[in-house]
2 protein chains.
Amino acid sequence: MKLGDGVEQAIHSVTMLSCLQPGSTLSAAALAEFHGVSASYLLKHLQAMSGAGLLEAVPGPKGGYRLARLPAKISLLDIVLAVEGPEPAFRCNEIRLRGPNPYACKPKTLCTINVAMLKAEQAYRAELRRVTIADIMEDLRTKDDGSISARTNAFLAVNERKSAAGA
Amino acid sequence: MKLGDGVEQAIHSVTMLSCLQPGSTLSAAALAEFHGVSASYLLKHLQAMSGAGLLEAVPGPKGGYRLARLPAKISLLDIVLAVEGPEPAFRCNEIRLRGPNPYACKPKTLCTINVAMLKAEQAYRAELRRVTIADIMEDLRTKDDGSISARTNAFLAVNERKSAAGA
């Protein structure tokens, strides 16, 4: 089982965006620079999260990305599904129906194996649904000896794009 | 998140092998034929499960695969890990440490995001660990109107390789 690298980048980006002043944005280039990742690859995931209603893309030279919802309303599951798509990890190809001696009638119930695999995925998703970006930030605050917030703030001081109202 | 198609094939194959008489085997070619899948692709996964101690590979012209453990001792997690490898779905690349203004000291604790993602994976694995091939077979028996067992038995009547002791 594998999640793409985009998930890590997307969650870190949303966490970073939750540190902005209300109305402010960060460009995709700044988010990529802060995390040392490819801007074009990250942009794809920012756009996916924008499409899923997690981020808002503000156009124009002063534009960039900001959260479209409160951090407490964005779960890790929201981000994983936006980046990886909604399909379950286990995709039943109904191989039980292939091969010699086909069934006269297609079985009416889902394959037992598919049901068991989907149940495990539900447990996975429930756990990811339980954790929000607000929880991640709260946990970070308890671990931070000051160096995490200092580094973030130094970067934002240069890169945060203030909203017109706040400028 | 995505599991390879090999997982479905591997679980169905182990389920099929649990229907054999003690000591009997099925060839990789027969398992592939029954499930309508590529024999060379399936063989890779049968070998992985053999390497993980779930299956026993019996060499020779009368050889093939059989379970190395009782069906109640083979969980879906055993099979998923044998086929997909032991790595968690979320692989932390420590992107928190990249970018400008590096930390003077590397943080001593795991990244909060990594911890949350691994916790979800533990929930997933716990659910898969709970379900054994014996459970799958029991569930199949309750659903079977006779057509599943009839099809399986007809295939085994031709393809099961009886052990020398039972021949």
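## Helices H2 and H3 of chain A

In this predicted model, Ala28(A), Leu31(A) and Ala32(A) in H2(A) meet Ala39(A), Leu42(A), Leu43(A) and Leu46(A) in H3(A), where contact means heavy atoms within 4.5 Å. By class, the contact of H2(A) with H3(A) has seven nonpolar, no polar and no charged residues; Ala, Val, Leu, Ile, Met, Phe, Trp, Tyr, Cys and Pro count as nonpolar, Asp, Glu, Lys and Arg as charged, and the others, Gly among them, as polar. Helices (H or I, at least four residues) and strands (E, at least two) are DSSP runs, numbered from the N terminus.

Helix H2 of chain A covers residues 28-35, and its axis lies 9 Å from that of H3(A), at an angle of about 120°. Axes are lines fitted to C-alpha atoms, for helices over the stretch in contact, and angles run from 0 to 180 degrees between N-to-C directions. H2(A) and H3(A) are therefore oblique to each other, given that angles under 35 degrees count as roughly parallel, over 145 as roughly antiparallel, 65 to 115 as roughly perpendicular and the rest as oblique. The crossing of these two helices, H2(A) and H3(A), is right-handed; a crossing is left-handed if the near helix is turned anticlockwise from the far one by less than a right angle, and right-handed if clockwise.

## Helix H1 and its two partners

Helix H1 (residues 5-17) of chain A packs against helix H3 (residues 39-51) of chain A at an angle of about 65°, their axes being 10 Å apart. That makes H1(A) roughly perpendicular to H3(A), and H1(A) passes H3(A) in a right-handed crossing. On the H1(A) side the residues are Asp5(A), Gly6(A), Gln9(A), Ala10(A), Ser13(A) and Val14(A), which meet Tyr41(A), Leu42(A), His45(A), Leu46(A) and Met49(A) in H3(A). This contact of H1(A) with H3(A) has six nonpolar, four polar and one charged residues.

The axes of H1(A) and H2(A) come within 10 Å and cross at roughly 110°, and these helices, H1(A) and H2(A), are therefore roughly perpendicular to each other. Their contact brings His12(A), Ser13(A), Met16(A) and Leu17(A) in H1(A) to Leu31(A), Phe34(A) and His35(A) in H2(A), and its residues divide into four nonpolar, three polar and no charged.

## An aromatic pair

Over all chains the count comes to three aromatic pairs, where rings of Phe, Tyr and Trp (its six-membered ring) pair if their centres lie within 6.5 Å, and planes under 30 degrees apart count as stacked, over 60 as edge-to-face and the rest as tilted. Phe34(A) and Phe155(A) form a tilted pair, with 4.9 Å centre to centre and 50° between the planes. The pair links distant parts of the chain, Phe34(A) in helix H2 and Phe155(A) in helix H7 (residues 147-159) of chain A, 121 residues apart.

## The two copies

Chain A can be laid on chain B with an RMSD of 0.0 Å by a turn of 180° and a shift of 0.0 Å along the axis; copies are superposed by least squares on the C-alpha atoms of residues with pLDDT of at least 70 in both. The two copies are thus related as by a two-fold rotation axis. In chain A, the C-alpha nearest the axis belongs to Tyr124(A), 2.4 Å from it.

## Conventions

Residues are numbered from 1 along each chain as its sequence is written, while chains are lettered from A and ligands numbered from 1 in the order in which they are written. Local features of this predicted model need pLDDT of at least 70, side-chain atom pairs count only at pLDDT 80 or more, and totals for chains, interfaces and linings use all residues, while side-chain values use heavy atoms, with hydrogens and water left out.
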